[in-house]
Amino acid sequence: MSVKYFHLTVKEIIEETPDTKTFTFWHPIHAAVSYKAGQFLTLMPVINGQKVRRSYSMSSSPNKDASIAVTVKRVANGLVSNYLCDHVKVGDAIEIMEPMGHFVVEPNPNKERTIVLFGGGSGITPLMSILKSVLPVEQSTKVYLVYGSRDENSIIFKKELENLEQKYEGRLRVLHVLSKPSYTWTGYKTRINQASAVTFLKQDFAIDIATAEYFLCGPEGMMEEVTNSLKIFNVPADNIHQEHFGSGILHVEEEDGDDSVKEQTVTIQYEGTDYQVLVKPHETILEAALREDIDLPYSCQAGMCTACMGKCVSGKVHMDEEDGLTDKEIQQGYILTCVAHPKTAGVVIEVE
Ligand SMILES: Cc1cc2nc3c(=O)[nH]c(=O)nc-3n(C[C@H](O)[C@H](O)[C@H](O)COP(=O)(O)OP(=O)(O)OC[C@H]3O[C@@H](n4cnc5c(N)ncnc54)[C@H](O)[C@@H]3O)c2cc1C
Ligand code: FES
């Protein structure tokens with residue numbers, strides 16, 4: 001099945017903090033865009049005559065909110081985040097790629113569980129969607145959120161979280177953690193790290209750590225520290241979910257010898273056609289396909305979002321970055337074309 005593209009019209013723009021805005025969109029007239037709590041949209045604005053793509057998790061809930069929303073925090077010198085915050089107006093239409101992502105929770109009225117969310121900065125967005133979606137449906141489930149921000153003014157959704165905590169009293173607990181608060185702040189002044197995570201779980205929440213489900217979205221270091229603390233309590237890997245926003249600089253590792261830098265012809269099976277693509281040294285399979293005008297799906301181009309996922313059914317590939325896939329997906333042969341290079345001749349990739 002091929003990826004769907006839509007044009008969404010901006011309905012409202014809400015200033016959440018001095019550097020963060022929420023954009024709500026009307027659903028298209030003909031068919032509502034369906035999505036799961038925790039998924040992201042790929043926005044494809046045209047900037048300086050060039051169409052660019054960036055992923056933004058939906059901060060809205062598919063089962064509670066009438067409009068779709070994304071919440072964008074400016075990144076210093078960032079092209080798209082600043083363009084959206086400075087130039088996009090109500091009534092503008094932006095092309096999007098259909099919602100994607102596996103960092104999801106599907107609310108189930110028969111479930112009673114403990115869900116712990118760890119967020120940092122703009123990483124609150126999918127967590128907001130998750131908590132707004134789960135709490136009204138799973139009436140016995142408890143949700144705990146640890147949210148790290150710089151100071152009081154940079155807390156995104158502060159008021160909304162307060163209101164939700166009141167509405168779901170006893171079932172939603174929000175703990176704000178600030179790294180540089182004002183002197184009047186009486187809450188935690190720390191970063192979310194291995195030691196503080198244990199304190200929040202054991203002392204503040206007093207939950208059964210080993211059986212809870214965890215969703216982490218924030219700086220890579222924060223997620224690594226929290227994961228390390230959960231491992232101490234034997235939390236199964238399947239119960240720890242992470243969403244990666246960051247765009248690190250990726251290098252082609254050459255530990256496998258010269259194979260990773262030789263040019264190879266790769267077969268890409270997409271929408272019923274077999275494309276033969278010559279992948280040059282240091283080029284990714286996605287880059288080579290786009291150079292040949294093959295319209296493969298992609299978004300972040302950094303091995304984070306999984307929009308470009310394919311399955312390697314023959315030959316071998318090397319990936320610069322594997323964090324976006326689970327161990328099981330890697331074992332099953334799934335790859336991310338945006339960070340994948342052919343390692344052998346005869347590579348065949350199926351893209352759905
Ligand atoms: C699955 C997914 C979901 C995302 N959801 C959201 C969301 O809900 N809200 C949101 O604000 N952003 C989100 N992002 C990040 C977003 O896609 C962009 O990467 C971000 O807005 C920066 O884009 P830019 O064009 O402004 O910066 P660019 O022009 O791409 O980058 C400029 C500079 O900033 C650095 N940089 C890029 N991204 C980040 C980052 N996230 N943090 C710190 N430095 C960065 C780059 O290394 C570069 O040096 C998400 C990313 C992914 C992969
Ligand atoms: S485009 Fe996002 S993982 Fe490849």
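Predicted model: local features only at pLDDT ≥ 70, side-chain atom pairs only at ≥ 80, totals over all residues.
Residues are numbered from 1 along each chain as its sequence is written, chains are lettered from A and ligands numbered from 1 in the order in which they are written, and side-chain values use heavy atoms, with hydrogens and water left out.

Ligand 1 is surrounded by 22 residues, of which Arg-54, Ser-55, Tyr-56, Val-80 and Ser-81 are the closest; a residue is counted as near a molecule or strand if one of its heavy atoms lies within 4 Å of it. Oxygen atoms of the ligand approach polar atoms of the protein in several places. A polar side-chain atom of Arg-54 is found 2.8 Å from an oxygen atom of ligand 1, whereas Ser-55 places a polar backbone atom 2.6 Å from an oxygen atom of ligand 1, and a polar backbone atom of Lys-73 lies 2.9 Å from an oxygen atom of ligand 1. On its own, ligand 1 has 900 Å² of accessible area, and the protein covers 75% of this; such areas come from the Shrake-Rupley method with a 1.4 Å probe, and for residues only the protein chains shown count as cover.

The elements that contribute two or more residues to the shell around ligand 1 are strand E6 (54-57), strand E7 (68-73) and helix H1 (79-87), where helices (H or I, at least four residues) and strands (E, at least two) are DSSP runs numbered from the N terminus. Strand E6 gives the most to this shell, with four residues. By residue type, the shell around ligand 1 divides into 10 nonpolar, nine polar and three charged residues, with Ala, Val, Leu, Ile, Met, Phe, Trp, Tyr, Cys and Pro taken as nonpolar, Asp, Glu, Lys and Arg as charged, and the others, Gly among them, as polar.

Strand E6 is also linked to strand E3. In strand E3 (residues 40-43), Phe-40 and Thr-42 point one way and Leu-41 and Leu-43 the other way, and all are buried, a term that stands for under 20% relative accessible area, as against over 50% for exposed and values in between for partly exposed (1.4 Å probe, protein chains only). Strands E3 and E6 pair in the antiparallel sense over four bridges, two strands being said to pair if DSSP finds at least two bridges between them, and within this pairing Thr-42 stands opposite Ser-55 of E6.

Ser-299 is buried, with a relative accessible area of 2%.

Ala-302 is found in the loop between H6 and E17 and is buried, with a relative accessible area of 5%. Although Ala-302 and Val-339 are 37 residues apart in sequence, their C-alpha atoms are 6.7 Å apart in space. Ala-289, which lies in helix H6, is buried with a relative accessible area of 0%.

Two open sheets were also examined. Strands of a sheet pair through backbone hydrogen bonds, either parallel or antiparallel. One open sheet has five strands in the order E16-E15-E21-E17-E19, with mixed pairing. Strand E16 (273-279) and strand E19 (334-336) stand at its edges, each with a single partner strand, so one side of each is left without a neighbour in the sheet. Strand E15 (residues 264-270) pairs with E16 in the antiparallel sense over seven bridges, and Thr-265 stands opposite Leu-278 in E16. Another open sheet has six strands in the order E12-E11-E10-E9-E13-E14, with parallel pairing, and its edge strands, E12 (188-189) and E14 (240-243), each pair on one side only.

Note on methods: Polar contact = N/O pair within 3.5 Å; in protein donor to acceptor, adjacent residues only side chain to side chain.
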